[in-house]
Amino acid sequence: MSLSRKLQTRLTLAGTAAALLTAIVLTAMALNGSTQGLAVAAVLLVLVSALLSWGLARQLLQPLSELEAGMQQLQDEHKQLVEQRDDARTHLEEMEKTLAGVGLEDALTGLANRRQFERGLLEEFNRAARTSLSLAIIMIDIDLFDEYNASYGRMAGDKVLRRVGSAIRDTNVRPEDLLARFGTQEIAVLLPGSRLEGALIVAERIRTSIEQLNIEHSASPTGRVTISIGIAAVAPQRQVDEPDTVLRESEQALALAKASGRDCIRTSEDLVKASIA
């Protein structure tokens, strides 16, 4: 029962009780005086008192009823606003996640972009330093890609990038490995927990998968699209090694592979041998 209804009931009962008490007194007086008219007057007084009590209670409690109705409306509006706020917050969080994903993904290949790769490299480098594990980077370059674009057009070149990216993704890379488009025609693969020997196996599997695509490339000596690969690995030590060092070594190994005739793999160990020779 609402507050206004409770007050109205109590006031009505109070008024009725007062009227009944008055009626009892008057009735007693009438019986003692044997005056029938006085008894009739008492009954009428009861009815009039009850009616007046009801009317008075209604007049007094009408503003309170309106106030309660207004408060209920405000509560409903507040509840609706809270629901709208929660919906807006959920939508905003979903948009932020989407934008964050877009900002870290290469639109053409669907791989991670360079920004995401560098962030992942820093995280995995620090984790490897804490856990005394190693990590490896495979840097891949599509051979004579500018010549391919000149011969077949940029749209065909974009298609090659997508096919190469998909082929690398399909070479049974682990969920924790990070694939990223690092440059115009460069794709980098981050292998947490891998040593140079394991990375070399993965790299050869990637090179073979691109070879099996058998994409025509008239400007290439092989007549098809090939890739060159550079690999570097490190078991990082705090205050000694840096993420940029292993990244730079993978790029230098890639440059050595391209200088060695392309369509081949070179590692950071080959860099040491080349420097000695």
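Q: Contact means heavy atoms within 4.5 Å. On that basis, which residues does His217 touch, not counting residues up to four places away in sequence?

A: In this predicted model, His217 touches Asp143, Leu144, Glu147, Tyr148, Tyr152, Gly223, Arg224 and Val225, with residues up to four places away in sequence not counted. His217 itself lies in the loop between helix H6 (196–213) and strand E4 (227–234).

Q: Why is His217 called buried?

A: Buried means under 20% relative accessible area. His217 has 1% relative accessibility, so it counts as buried.

Q: How do we know whether Ser250 is buried or exposed?

A: The limit for buried is under 20% relative accessible area. Ser250, found in helix H7, has 0% relative accessibility and therefore counts as buried.

Q: Which residues is Ser250 in contact with, leaving aside its neighbours within four places in sequence?

A: Ser250 is in contact with Ile137, Met139, Gly230, Ile231 and Ala232, once neighbours within four places in sequence are left aside. One of these, Ile137, is 113 residues apart from Ser250 in sequence, and the C-alpha to C-alpha distance between the two is 6.4 Å.

Q: Why is Ser132 called exposed, whereas Asp263 is called partly exposed?

A: Exposed means over 50% relative accessible area, buried means under 20%, and partly exposed lies in between. Ser132 has 62% relative accessibility, so it counts as exposed. Asp263 has a relative accessible area of 22%, so it is partly exposed.

Q: What is said of phi in Ser132 and in Asp263?

A: Ser132 has a positive phi of about 60° and is not a glycine. Asp263, also a residue other than glycine, has a positive phi near 55°. Ser132 is placed in the loop between helix H3 (114–131) and strand E1 (135–142); Asp263 is in the loop between helix H7 (243–259) and strand E5 (265–267).

Q: Why is strand E3 described as largely enclosed by the rest of the structure?

A: Strand E3 comprises residues 186–192, and six of its seven residues are buried, so the strand is largely enclosed by the rest of the structure.

Q: How do we know that E3 pairs with E1 and with E2?

A: Two strands pair if there are at least two bridges between them. E1 and E3 have seven bridges, in the antiparallel sense, and Ile140 stands opposite Ile187 in E3. Strand E2 (residues 178–181) is joined to E3 by four bridges, also antiparallel, with Leu178 opposite Leu190 in E3. Both pairs therefore meet the requirement of at least two bridges. A hairpin through four residues joins E2 to E3.

Q: What makes a set of residues a nonpolar core, and which residues have the most contacts inside the largest one?

A: Such a core consists of buried nonpolar residues of listed types, including Ile, joined through side-chain atoms within 4.5 Å. The largest has 28 residues, and Ile138, Ile140 and Ile168 have the most contacts inside it. H6 gives this core its largest share, six residues. Ile168 touches Ile140, Val173, Leu179, Ile187, Val189, Ile206 and Ile210, not counting residues up to four places away in sequence. Another core, of 18 residues, lies apart from the largest one; among its members are Leu121, Phe125, Ala128 and Met139.

Methods:
Residues are numbered from 1 along each chain as its sequence is written. This is a predicted model: local features need pLDDT of at least 70, side-chain atom pairs count only at pLDDT 80 or more; totals for chains, interfaces and linings use all residues. Side-chain values use heavy atoms; hydrogens and water are left out. Buried means under 20% relative accessible area, exposed over 50%, partly exposed in between (1.4 Å probe, protein chains only).
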